[in-house]
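Open the model in your viewer and keep the selection panel at hand. The tour goes from one selection to the next.

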Amino acid sequence: MSLKQTYTEAELVVLLKKRNNSSYDYLYDHYSGALYSIILQIVQDENIAADVLQEVFVNIWKKIDSYDETKGRLFTWMLNIARNAAIDMIRSKTYRNSNRSVSLDGNADNLQSTQLQVDGIGLRRAVDKLKPEQRSLIELAYFLGYTHEEIAEIEAIPLGTVKTRIRAALQQLRTFLK
Amino acid sequence: MNIQEYIQSGIIESYVLGLASEEERLEFESVCATYPEVVEAREALELSLEHQAVSNAVTPPAYLKDKIRSAIGGQQASNEVTTSYTTTENDYADEDQPLIIRKLFSLRSAAAAAIILLGASTLLNFYFYRENGKLVKAFNDLSVQHSQLVNNNQSMQAKLQDYAANFEHIRNPRMKAVKLPGVSANSSSMCTVYWDMQTKDVYLMVNNLPKPATGMQYQLWAMVDGKPVDAGMLDMDKDNMVVKMKNIPSATAFAVTLEKKGGSPTPDMNAMYVMGTI
């Protein structure tokens, strides 16, 4: 593997679409850590996160032809694949039957006690700076993958309020990312 | 559309983080096609997100890289099989040109028609999908409104029942009404005591009393044998028309003073608001 070589995103996409072998090395070396981190923040277990990461790379490899650069950057596309795969995992039977299952009764306060080594890494660190009520909405929406409708039911607040509060939390979050 | 407002509405963050609804996503993509400044803002967010994610990377276990490579290798092998299959078909086409070409033309027009039909059907599906989305949203909004109205109605009914019960109470012939006019500086204050002559239960109606300062509460006193006896605390938060106080077997007068929250053993005579003799 030649780490010295750097590709622009457009070049990398072309190589990936050709299923070029060295493009896998490049992709893995540059992005596996970032993707593994977001998966870990959701599934909170290293062994499960490794399985999900494998599934994510296989999916990226399989679906690269459907990546549309007009809709966003390659990393954003991969990040969403990773998040979706991780959320599918925490909703799966295997995960729920394991002791790793996060209490899904919707009480976001419980999440505090179940956060493990993932405290303070990545996006979660930015999320942790939010006000508690905003943080629990982002926890439910982003890290647990609940729809706005489900959140309205869990938090017993109107759907419109959920939407405005999430939007406000996201705007706040953006200032922490800068 | 005010594009700056749109950019700052949080939609970009929703879209990039995968939290936008299908409807919002489609709208955002069409806005991006028209407004380059939206695309610019989206890319700026994507870059800061990417930068943040890469600088917070957690290295996965070392064995994974090769394990995934072989999993992907399996995918590639199956791709190669499909490719070689297509090649065989093409070879066959070359051998039998005239017949095949005629067949190919009719196949082509059939394929073209099929593609057009598929396109039309996709558009229609898309249209119905959006219409359905709008209807579902309208339905949800109405359901929310409906449940709000039902709740309002229920709380109004409960209130009305309270009032009716209070009123029934006061109207009872056994009730003795004692007017408690305001005293000295509080001449505009006024309360009425309703005293059930049979059960000796005492009810207090506030006609006019200033809102107590925080930490303070009104206390009702009954004068029994020339001494003030505590007749209960007045809870003004509950907005009741008539509040049930303590049971007082006999009294010559009633008075209300302002005391610290929870009440005092003896009344503060300087903080007397209303008083009435029987």
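How many residues does the contact take from chain A and from chain B? It takes 40 residues from chain A and 37 residues from chain B; two residues are in contact if their C-beta atoms, placed from the backbone, lie within 7 Å. This is a predicted model, in which local features need pLDDT of at least 70, side-chain atom pairs count only at pLDDT 80 or more, and totals for chains, interfaces and linings use all residues. Residues are numbered from 1 along each chain as its sequence is written, while chains are lettered from A and ligands numbered from 1 in the order in which they are written.

**Stop 1: the chain A side of the contact**

Select helix H2 (21-43), helix H3 (46-63), helix H4 (74-91), helix H8 (132-143) and helix H10 (159-177) of chain A. These are the elements that give two or more residues to the side touching chain B. Helices (H or I, at least four residues) and strands (E, at least two) are DSSP runs, numbered from the N terminus. Colour that side by class: 23 residues are nonpolar, 9 polar and 8 charged. Here Ala, Val, Leu, Ile, Met, Phe, Trp, Tyr, Cys and Pro count as nonpolar, Asp, Glu, Lys and Arg as charged, and the others, Gly among them, as polar.

**Stop 2: H2(A) against H4(A)**

Keep H2(A) and H4(A). Their axes lie 9 Å apart, at an angle of about 30°. Axes are lines fitted to C-alpha atoms, for helices over the stretch in contact, and angles run from 0 to 180 degrees between N-to-C directions. H2(A) is therefore roughly parallel to H4(A), a term for angles under 35 degrees. Show side chains: A:Tyr31, A:Leu35 and A:Ile38 are among the H2(A) residues here, and those they meet in H4(A) include A:Phe75, A:Met78 and A:Arg83.

**Stop 3**

Move to chain B, which has 6 helices and 8 strands. Along the sequence the pattern is α-α-α-α-α-α-β-β-β-β-β-β-β-β. Select the open sheet of 4 strands, ordered E1-E2-E3-E6, with antiparallel pairing. Strands pair if DSSP finds at least two bridges between them. Which strands stand at the edges? Strand E1 (175-181) and strand E6 (242-247) do, each with a single partner strand, so one side of each is left without a neighbour in the sheet. Neighbouring strands are turned by 25° against each other on average, direction ignored.

Finish on E1(B) and strand E2 (residues 190-196) of chain B, an antiparallel pair with 7 bridges. Centre on B:Val178, which stands opposite B:Val193 in E2(B).

Technical notes
Parallel < 35°, antiparallel > 145°, perpendicular 65-115°, else oblique.
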